[in-house]
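Hello,

Here is the structure we talked about handing over. Please open it first, then read the notes below.

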Amino acid sequence: MSSLSEAIALARSEGRKATGLFVTAGFPDADSTDAVLDALVAGGADFIELGMPFSDPLAEGPPIQRSSERALRHGATMSATLDTALRFRSRHATPLVLMGYYNPVLQYGLGNFCTDARSSGVDGLIIPDLPPEEAKPLADAAAATGLDMIFLIAPNTSDERVATIDELSSGFVYAVSVTGVTGGQLSNFESTEAYLSRVSAVVKKNAVLVGFGIRSHEDAVRLTKHTDGFIVGSALVSLVEELWDAPMSVSERSSAIAKMVADLRVGH
Amino acid sequence: MKIYADHLEETGHFGQYGGRFIPEILLPAVEELAQAFGEAMADSRFTDQLDLLLRTYVGRPTPLTYAARLSARLGLRLYLKREDLCHTGAHKINNALGQALLARRMGKSRIIAETGAGQHGVATATVCALFGLDCVVYMGEEDVSRQHLNVQRMKLLGAEVRPVTSGSRTLKDATNEAIRDWVTNVGSTHYIIGSVVGPHPYPAMVREFHRVIGLETRQQLVEHGLPSEPDAIVACVGGGSNAIGIFAPFLNANSVDLHGVEAAGSGLDREHAATLSLGSPGVLHGALSYLLQDDQGQVREAHSISAGLDYPGVGPQHAYLKDTGRVNYHAVTDDEAVAGVRLLAETEGIIPALETAHAIALLPRLAEQYSGQTIVLSCSGRGDKDMATIASTLFG
């Protein structure tokens, strides 16, 4: 069992929903990502998604777009992202997943990327513009190095396709809560619940975690009725943006981030 | 005349290029689209309706004009395929009309589009007015200001124009924003992509809606008393839709030389949009193709005086045609393009779009090679929209 699957299983055994947090590497600047990650662990994150900045993040809403632009303005590179992962791994055991668009990974070289990511302590990959049809080269390289490959499903994904994606995924299956970009509004709750209930019945091999548009503990409680955990990205990124634009000390910022994570958690 | 053939690639790949690099949410939409397109093209009710509208609304067939004075100056026989005479002023409406008919057939009530120069936006707004469909056009803020006339045309046609302020504020970013809209409203909305880019089936589908350009050219050469296959064809390439449209029926005719012309901007060693000349394979907007990118895989901003060529990607079939050597790709600078506008205006009384002018500007370079031979040039659009830019360059 991978560290990621273990962390999700541990949360379940403790009667909790697994809590995943997304933040962009190199954001709010190259030197501050580490402090954000430490605060996420302090707040009780079960795993972390570290975003690989990209110039054209087409599934992202404005907050994550801005974080990516800001990181690139500060000179973010793939090597710097992997260094961030390596430093994180030297401080924490919390599972770390890299999330980002395919082209920077492709240009780095799929085999080298997986090898370097794994040796930097990365546990898995989420590539939102890489559906299973196009993913074989990367999925093979990921499997060869022991990285989990997490695919996404959406409310309009057929049962048959959900089953296939479950088969191809490891770590967990990422259920996108709504048809939309990250940070959007959660839509009609009944239809979302029906979708998540349908998906949780179809997915056999993996845990199902839900993400996109979750801002609060209440959102998390509602969306995890049929799932094993949840992921918060845009709300955290917006908070980090706010905290770093305000005149505050590092410890004040860290406490605010840790508090947000602690408040989000579902179950005891 | 039945002008459509079954050329839809099953997998959406052109060699290693093409594919579907898109969020899972869009997979059902592109699968539905591929199926609907295949069925529609096999349904004579659909193709008859499209043919009728191409004839009676768009104004097809567009003429193939012998360019006598420019031919004499260049020492060859030059024919212009007059897409500038299409309704709305460019070839773009061939595709917009086909896709709007298809969207209606699929029961989609809302249309979105991206636009650079505004020609595709105007064409889309036009067909949406024709069919009573809601229309939202995404346009980079930079392009909104340099193509103001087209913005006003779109508004007059009832479309909502949404300026895009992210990234380089041009076509690339307008496309990102259109994809985000599509992801959000995929149930009700059809995305009319304006070039032979994007995930499968778009590159093949958009090509098929523009194939009419090349098919008419074949027939009209014969009407001019010439063989149906010229010695060479020249077309400008941004995403590459007019070029693919005129090239498509000649791809297997190896005696026909095919020349695509990209934008070299202020120079290939400076700022440009010469994706095929200087780019490398990468993934943008749903397909693997050539891409202007840095060593980190971040997409570079393109630069061209022509908003329609100002794009860091290119259609995946062009990437394939470059690698196989079937098409020769060249690059022409902003200054050469403006000189090309003047050349066609003064010799033939035709003011071409700045995009088209890139193809014209290549002709003097080809003159010696094709001395006494027949060249067809895709005159893809008219220059009215560019008058402010052209005037400020030529007349200060």
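**The interface between the chains**

In chain A, 37 residues are in contact with 34 residues of chain B. Please keep in mind that this is a predicted model. Chain A and chain B bury about 2,600 Å² between them. Carbon and sulfur atoms give 52% of that area. Three residues stand out on the chain A side: A:Asp56, A:Leu58 and A:Glu134. They supply 24% of the area that chain A buries against chain B, more than any other three residues. As for the unit, the size of an interface is often given as the accessible area lost when the parts come together.

**Cavities**

The count is 11 cavities of 30 Å³ or more. Two of them are described here.

The largest cavity holds about 370 Å³ of space. Its lining is made up of 31 residues. Nearest its centre lie B:His91, B:Lys92, B:Gly194, B:Ser241 and B:Gly308. Several elements of chain B each supply at least two lining residues: strand 5 (110-115), helix 5 (119-131), helix 8 (171-184), helix 10 (241-247) and helix 14 (354-366). By class, this lining has 18 polar, 9 nonpolar and 4 charged residues.

The second largest cavity has a volume of about 170 Å³. Here 20 residues form the lining. A:Ile64, A:Tyr174, A:Thr182, A:Phe212 and A:Gly233 lie nearest the centre. Strand 9 (229-232) and helix 11 (234-245) of chain A each give at least two residues to this lining. Its classes are 12 nonpolar, 5 polar and 3 charged residues.

B:Cys86 is in no disulfide. Its nearest cysteine sulfur belongs to B:Cys379 and is 10 Å away. B:Cys86 is buried, at 2% relative accessibility. A:Cys114 is buried too, with a relative accessible area of 0%.

**Backbone points in chain B**

Two cis peptide bonds are worth a look. One joins B:Arg60 and B:Pro61, with omega about -5°. B:Pro61 sits in the loop between helix 2 (44-58) and strand 3 (64-66) of chain B. The other runs from B:His200 to B:Pro201, with omega near 15°. B:Pro201 is in the loop between strand 8 (189-191) and helix 9 (202-223) of chain B.

Positive phi values turn up as well. For B:Thr88, a residue other than glycine, phi is near 80°. B:Thr88 belongs to the loop between strand 4 (77-82) and helix 4 (92-105) of chain B. Is B:Thr88 buried or exposed? B:Thr88 counts as buried, because its relative accessibility is 7% and the cut-off for buried is under 20%.

B:His285 is also not a glycine, and its phi is near 55°, a positive value. Its place is the loop between strand 11 (280-284) and strand 12 (287-291) of chain B. B:His285 counts as buried at 3% relative accessibility.

**Two loop residues in chain A**

A:His92 lies in the loop between helix 4 (78-91) and strand 3 (96-100) of chain A. A:His92 is buried, with a relative accessible area of 17%. Leaving out residues up to four places away in sequence, A:His92 touches A:Asp38 and A:Val41. A:His92 and A:Tyr102 are 10 residues apart in sequence. From C-alpha to C-alpha, they are 27 Å apart in space.

A:Thr227 is in the loop between helix 10 (217-223) and strand 9 of chain A. A:Thr227 counts as buried at 2% relative accessibility. Which residues does A:Thr227 contact, leaving aside neighbours within four places in sequence? They are A:Lys17, A:Leu196, A:Val208 and A:Val210. A:Thr227 and A:Leu21 are 206 residues apart along the chain. Their C-alpha atoms are separated by 16 Å.

Best wishes

Note on methods. Residues numbered from 1 in each chain as written. Chains lettered and ligands numbered in written order. Predicted model: local features only at pLDDT ≥ 70, side-chain atom pairs only at ≥ 80, totals over all residues. Heavy atoms only, no water. Buried < 20%, exposed > 50% of the residue type's maximum accessible area, 1.4 Å probe, protein only. Disulfide = S-S within 2.5 Å. 1 Å grid on protein atoms, 1.4 Å probe; cavity = no way out; pocket = protein on both sides within 12 Å on 5 of 7 lines; lining within 4 Å. Points joined across faces, edges and corners; volume = space filled by probe spheres on them. Helix = DSSP H or I, 4+ residues; strand = E, 2+ residues; numbered from the N terminus. Nonpolar A, V, L, I, M, F, W, Y, C, P; charged D, E, K, R; others polar. Contact = heavy atoms within 4.5 Å. Buried area = accessible area lost by both parts, 1.4 Å probe.
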